[in-house]
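I would like to walk through one structure, chain by chain, and then turn to some local details.

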Amino acid sequence: MATVTLTGIHKSYGKTEVIHGIDIDIADGELIVIVGPSGCGKSTLLRMVAGLETITSGDLLIDGARLNDAEPMDRNIAMVFQNYALYPHMSVADNMGYALKIARRPKGEIAERVQAAAKMLQLEPYLARKPRELSGGQRQRVAMGRAIVRDPAVFLFDEPLSNLDAKLRVQMRLEIKALQRKLGVTSLYVTHDQVEAMTLADRMIVMNAGVAEQIGTPLDVYERPATVFAAQFIGSPAMNVLPARAEGRVARLANGIGIETGTDASGDVLVGMRPEHMERDPDGPIALDIRMAEPLGANTLLHGSLAGIAQEIVVSLPGVHREDVMAGSARFRIAPEACHLFDAGTGRRL
Amino acid sequence: MAGMVEKRGLSHWLTHAGLILGVLVIFFPIWLAFVASTVSQQDIVRPPMPLLPGDQFFENYRRALVAGVNAPVAWMLFNSMVMAMGIAIGKIVISLLSAFAIVYFRFPGRMLFFWLIFLTLMLPVEVRIVPTYEVIAGFGMLNSYTGLILPLIASATATFLFRQFFLTIPDELAEAARVDGAGPMRFFVDILVPMSRTNIAALFVILFIYGWNQYLWPLLITTDPSMNTIVMGIKQMFPSGDDLADWPVIMATSILAMLPPVVVVIAMQKLFIRGLVDSEK
Amino acid sequence: MEKRVTFKGIWLPILLVAPQVAVTGVFFFFPAGQAIWQSLFIPDPFGLSMQWVGLGNFEYLLGNSFYRASFLTTAIFSVSVTVVSMAIALYLAVLADRLIKGSGTYRTLLIWPYAVAPAVAGVLWLFMFNTRIGVVTWYLGQLGYDWNHVLNEAEAMGLVVLASSWGRISYNFLFFLAGLQAIPRSVIEAAAIDGARFWTRFRTIVWPLLSPVTFFLLVVNIVYAFFETFGVIHTITGGGPQQATTILVYKVYADGFVGQDLGSSAAQSVILLVVVGILTVIQFKYIERKVHY
């Protein structure tokens with residue numbers, strides 16, 4: 001059990017800075033998801049916590065101790081890798097017990113702890129097998145088991161589910177969440193999948209180009225995105241963001257339409273509307289020329305554009321709406337409190 | 001896979017016939033050697049010699065193994081075994097170590113070392129034979145196992161192979177080992193070497209044959225018959241003048257000389273083929 | 001290609017490469033340097049001192065008719081060995097490839113001569129063609145042909161070519177068979193449906209697709225014939241008669257050890273070194289990207 005504190009963490013390769021200062025206090029037992037597109041620096045950040053990359057500047061504290069320069073093994077962490085990194089020539093039991101063997105724990109204790117972890121992960125029947133004799137999901141469990149057996153202060157997950165098929169991914173996601181709750185171990189979890197981030201995180205770090213765009217609970221980020229990037233990265237389909245001129249509590253789009261926003265502002269802004277927050281209303285201000293409808297069953301996505309604006313708009317309506325019914329055009333409204341306003345220059349929330 | 005198209009009937013049997021003929025032709029010199037090793041000198045010196053084995057098998061092999069011509073062949077077999085094993089094991093060990101160093105560490109001189117390895121890939125021992133002989137003589141290593149072995153492991157082909165293999169091992173394994181608390185040597189012993197065992201075995205087969213079949217080098221540095229290896233010792237069994245060679249013993253020795261490498265190739269055919277393909281890549 | 005992860009430390013890796021550095025330094029780079037150095041000197045008649053001659057040894061060698069003859073001998077020898085061993089191997093591989101079952105058995109039967117040392121192969125062939133008691137010699141005699149490779153230069157060359165090619169068939173067979181089996185069946189079947197008979201298919205489809213393997217084997221066999229056939233020559237002919245089978249590597253040995261002409265022998269080594277260098281460059285340049293297994 002441990003707290004983790006990052007203060008002003010920077011990373012440079014030569015002259016190129018790839019992480020531009022990350023600060024976060026992680027409470028004991030918290031599950032923090034680091035989410036962002038590929039190349040945003042999220043894995044690098046995790047690997048710096050693990051001790052696999054050096055920290056260029058800033059401080060890493062685990063339970064108050066500064067561990068910037070400690071070897072991975074001295075940080076009391078365990079890591080689950082994207083490709084699992086199981087030792088191919090060792091049995092499942094040996095894989096799980098390897099760290100304990102290196103730490104010279106007594107044989108009996110190793111066997112006991114491996115057994116306990118295997119039981120928790122339903123791996124008992126497979127302990128004698130080699131990794132290549134296991135399915136993808138089972139390998140994933142072994143990788144988890146290897147981390148659990150060590151009883152570390154912090155779990156680090158590097159995209160652990162990205163090699164699984166969609167169905168298994170959902171199942172393992174739930175298992176990881178349940179396990180982390182049960183063990184109460186502080187965890188950092190890297191993913192590029194915003195659904196994983198939303199469902200797993202106690203808090204998430206939305207990263208973009210080496211910068212933490214926002215740190216907050218999933219609902220925080222969804223309801224009050226701090227930047228345009230965070231707004232568009234979290235939520236599916238992505239938020240519609242249109243340039244506008246703010247005049248008090250009204251944002252006027254390029255084609256002259258005014259939308260009530262509930263935020264006082266003036267000058268150039270970006271107005272963000274989530275597709276699922278737009279409602280059909282014959283008297284609504286937003287007239288959408290519908291190009292295509294995608295019925296997904298539970299909801300229907302409408303793709304189209306506003307008169308005079310080239311940018312594509314997506315609207316998500318609950319239930320099934322047939323294309324022929326929706327063909328042509330329809331009018332929509334959006335509640336002022338569901339509108340997000342961002343500074344056009346900085347992209348920050350207003 | 002041309003076979004899938006025309007497969008039945010006469011051409012099928014002609015194919016087999018052609019192959020069997022090929023096998024027989026290739027077998028013939030060895031068969032003849034075997035026959036010669038089972039008959040008496042009189043049978044051989046009055047041509048044509050018989051084409052079927054005689055009854056002198058035990059007598060000839062016993063004479064070869066125990067007495068030989070200059071030295072007992074049993075001795076020479078032992079010398080060859082020491083040399084072949086020494087070359088195979090020695091080369092594998094030093095190559096594993098240095099390949100590990102150049103792949104998993106950054107140290108001063110690493111690139112220089114790498115290019116030196118590349119250079120050694122190009123030069124067979126035959127080319128630098130005279131100065132190498134002088135070095136060995138200077139160290140007083142003539143007629144010694146060290147002298148037989150060391151110059152032949154002085155090339156980095158195996159280092160190059162292991163480097164190529166190590167590069168294919170995912171980085172995450174080394175990271176996982178580090179997180180698990182393994183230091184470099186622990187990682188090497190517990191993970192890298194066990195993961196390389198197929199490559200090691202394949203290379204061992206190739207190097208064993210290479211070492212066993214050496215001729216020129218032992219010929220130069222073993223002047224003492226008791227240090228002769230069997231492959232070079234055969235030629236030493238021929239009389240220098242016009243005397244008649246002791247063909248049954250020479251042929252028995254030839255069969256004994258080819259037996260170990262042939263057994264290795266046949267018993268470990270898969271590894272052998274893999275080793276050949278690997279080492280030519 | 002580089003590893004992302006590395007272990008820390010400077011002394012440990014240096015310690016790890018030390019054995020290899022020591023062995024290659026002492027037994028490889030030092031002698032190779034010596035060879036180059038010695039090639040610039042000639043010993044005095046008593047072998048007491050060395051006299052600097054610059055490139056004199058090379059000039060002498062290239063002007064020496066024996067040496068130039070040895071070059072020609074080497075060329076004839078290596079081309080013959082390469083062609084004979086590859087032709088037979090290709091023939092057998094094509095046959096084995098035609099079989100649906102059993103190609104593995106033939107492979108086992110055909111690969112093991114690889115394990116027979118060139119020197120032992122030399123003894124086996126010497127025995128068959130021995131002028132006094134050789135079986136083949138005797139049968140040839142019955143047919144009215146008087147085989148005598150001890151006196152006849154062409155026969156001596158023929159014999160060392162045969163003995164050297166024999167063990168090499170295995171190796172070539174293995175690579176040809178692998179190459180043939182790597183050709184997608186669908187390509188062959190498409191050609192068959194187009195009406196191409198076996199020969200036409202071989203000429204127009206199989207042979208072109210096999211060319212990377214063929215080229216690879218060509219280079220490898222030439223290198224083999226250059227350097228690894230010493231044992232064959234030494235056991236069968238000893239370079240004779242009248243130097244008819246003295247290939248370059250044999251001459252390095254004969255001049256250096258038998259003739260004790262160190263300067264010339266070293267200069268020959270350097271020339272060989274250049275030849276190997278060229279062959280290696282060709283090999284790397286073409287093989288690397290063309291042969292795929």
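Let us begin with chain B, which contains 15 helices and 0 strands. Please bear in mind throughout that this is a predicted model. The C-alpha atoms of chain B occupy a box of roughly 75 × 65 × 30 Å along the principal axes. The radius of gyration of chain B is 24 Å, whereas a compact globule of 281 residues would have one near 19 Å. Even so, 50% of the 281 residues of chain B count as buried. Among contacts in chain B with a separation of 6 or more, 73% are between residues 24 or more positions apart.

Chain C comes next. Here we find 12 helices and 2 strands, and along the sequence they follow the pattern α-β-β-α-α-α-α-α-α-α-α-α-α-α. The C-alpha trace of chain C spans about 75 × 75 × 30 Å along its principal axes. Of the 293 residues in chain C, 46% are buried. Residues 24 or more positions apart make up 70% of the contacts in chain C with a separation of 6 or more.

How do these chains meet? The contact between them involves 89 residues from chain C and 85 residues from chain B. On the side of chain C, the largest share comes from helix H1 (residues 11-38) of chain C, which supplies 18 residues. By class, that side of chain C has 66 nonpolar, 16 polar and 7 charged residues.

Chain A also touches chain B, and that contact takes 17 residues from chain A and 14 residues from chain B. On the side of chain A, strand E6 (77-80) and helix H2 (92-102) each contribute at least two residues. The side of chain A that touches chain B comprises 15 nonpolar and 2 polar residues, with no charged residues.

Within chain A, the assignment gives domain 1 (4-233) and domain 2 (240-343). The C-alpha centres of domain 1 and domain 2 of chain A are 38 Å apart. Across the boundary, 4 residues of domain 1 of chain A are in contact with 5 residues of domain 2 of chain A. The side of domain 1 of chain A that touches domain 2 has 3 nonpolar residues, 1 polar residue and no charged residues.

I now turn to a strand in chain A. Is strand E8 (residues 186-191) of chain A mostly covered or mostly open? It is mostly covered, since 6 of its 6 residues are buried. In a regular strand, side chains alternate between the two faces of the sheet. For E8(A), both faces are covered: Thr186(A), Leu188(A) and Val190(A) are buried on one side, and Ser187(A), Tyr189(A) and Thr191(A) are buried on the other.

Which strands pair with E8(A)? Strand E3 (residues 31-35) of chain A runs parallel to E8(A) and is joined to it by 5 bridges; in this pairing Val35(A) has Thr191(A) as its bridge partner. Strand E7 (residues 154-158) of chain A is likewise parallel to E8(A), with 5 bridges, and here Phe157(A) has Tyr189(A) as its bridge partner. Together, E7(A), helix H5 (residues 166-183) of chain A and E8(A) make a right-handed β-α-β unit.

In helix H11 (residues 248-258) of chain C, 8 of the 11 residues are buried. Among them are Lys251(C) and Asp255(C), together with Tyr250(C) and Tyr253(C). H11(C) is followed by Gln260(C), whose phi is positive, near 55°.

That brings me to backbone geometry. Most residues other than glycine have a negative phi, and most peptide bonds are trans. Against that background, the peptide bond from Ser236(A) to Pro237(A) is cis, with omega near -5°. Pro237(A) is located in the loop between helix H8 (228-233) and strand E11 (240-253) of chain A.

Two further residues have a positive phi. Gln122(A) has a phi near 55° and lies in the loop between helix H3 (107-120) and helix H4 (136-149) of chain A. Asn143(B) also has a phi near 55°, and lies in the loop between helix H6 (129-138) and helix H7 (145-153) of chain B.

Why does Gln122(A) count as exposed? Gln122(A) has 11 other C-beta atoms within 10 Å, and exposed residues are those with 12 or fewer. Asn143(B), with 16 other C-beta atoms within 10 Å, is therefore partly exposed.

How values were computed:
Residues numbered from 1 in each chain as written. Chains lettered and ligands numbered in written order. Predicted model: local features only at pLDDT ≥ 70, side-chain atom pairs only at ≥ 80, totals over all residues. Contact = placed C-beta atoms within 7 Å. Helix = DSSP H or I, 4+ residues; strand = E, 2+ residues; numbered from the N terminus. Nonpolar A, V, L, I, M, F, W, Y, C, P; charged D, E, K, R; others polar. Buried ≥ 20, exposed ≤ 12 C-beta atoms within 10 Å, placed from the backbone. Rg over C-alpha atoms; globule rule 2.2 N^0.38 Å. Domains from an automatic or database assignment. Pairing = 2+ DSSP bridges. Right-handed = clockwise from strand over helix to strand, strands pointing away.
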